[in-house]
Amino acid sequence: MTDFPAWLAPHVPASARHPGLAIAQLGTAQTLSRGGFALTSPAFGSGEPLDPSFTAEEEDAVAPPLEWSAPPPGSAELVLVVEDASSPPAADPACHWLVWGLAGQRGKLLEGEVPPRTGKNAVGNSEWLLPAPPEGETRHYLFQLFATDLPLVLMPGAGRAELLASLQGSITACAVLHATFTGSGDEDDAGWEDDDL
């Protein structure tokens, strides 16, 4: 696996620089934030922790809300890839969400909204994979948004490798948003695990 690209390093903390990240493979210095293209969330700032309501620590957890600015003119579709950048460097980053079919314009996904098309995450289903780090361990999650010049012709349920292959050479812009989450050892969690098993 190649080294982490120098153009991306200033935008990603050292602990989240996995060389296999989608944006490290597909993005370039020219496409990153091109034309002001940006990805944000009303629920957390870049580098901030995810609320437990978006993780495995809460029973009714859902995907966090996301918003993005308009991509460059000529962008046909937007694709979202969320990966665990704390994955071992020798392996591909664990994929938490693959979303495509988003209109190539300014837009958003509401908290818990079901996107138009989704692919298989690291455990093989098409939902938001709830972050669940071990107690006391902080993991880094990279939300990566890509604008493409052609609509994707992927079947729903496609995997990460298929998605990345279909994006090769078609990226008009990309944006990145970083979040963390630390596994909790709260007393609140200690009691229910045995009862529920």
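## Aromatic rings and sheets

In this predicted model, pairs of rings join Phe44, Trp97, Trp128 and Phe143 into a cluster. The structure holds three aromatic pairs, and two of the pairs can be followed through Trp128.

A pair of aromatic rings is described by the distance of the centres and the angle of the planes. For Trp97 and Trp128 the arrangement is edge-to-face, with 5.6 Å from centre to centre and 70° between the planes; the angle counts as edge-to-face because it is over 60 degrees. Trp97 belongs to strand S5 (residues 94-103), while Trp128 sits in the loop between S7 and S8, so this pair ties together parts of the chain that are 31 residues apart in sequence.

How far are these two residues shielded, and are they buried or exposed? Trp97 has a relative accessibility of 3% and counts as buried, and Trp128, at 9%, counts as buried too, because the cut-off for buried is under 20%.

Trp128 also forms an aromatic pair with Phe143, and this one is stacked, with 5.9 Å centre to centre and 25° between the planes. Here again distant parts of the chain are linked, since Trp128 lies in the loop between S7 and S8 and Phe143 in strand S8, 15 residues apart. Phe143 is buried, as is Trp128.

The strands that carry Trp97 and Phe143 lead on to the sheets. Strands of a sheet pair through backbone hydrogen bonds, either parallel or antiparallel. S5 and S8 both belong to an open sheet of six strands, which has the order S2-S9-S8-S4-S5-S7 and mixed pairing. At its edges stand strand S2 (48-49) and strand S7 (117-118), each of which pairs on one side only. Within this sheet, strand S8 (residues 138-148) and strand S9 (residues 171-182) run antiparallel and are joined by 11 bridges; in this pairing, Gln144 stands opposite Val176 in S9.

A further open sheet has three strands in the order S1-S3-S6, with antiparallel pairing. Strand S1 (39-40) and strand S6 (107-109) are at the edges and have a single partner strand each, so one side of each is left without a neighbour in the sheet. Strand S3 (residues 66-68) pairs with S6 in the antiparallel sense over three bridges, and the bridge partner of Trp68 in S6 is Gly107.

Note on methods. Residues numbered from 1 in each chain as written. Predicted model: local features only at pLDDT ≥ 70, side-chain atom pairs only at ≥ 80, totals over all residues. Heavy atoms only, no water. Pairing = 2+ DSSP bridges. Helix = DSSP H or I, 4+ residues; strand = E, 2+ residues; numbered from the N terminus. Phe/Tyr/Trp six-rings, centres within 6.5 Å; stacked < 30°, edge-to-face > 60°. Buried < 20%, exposed > 50% of the residue type's maximum accessible area, 1.4 Å probe, protein only.
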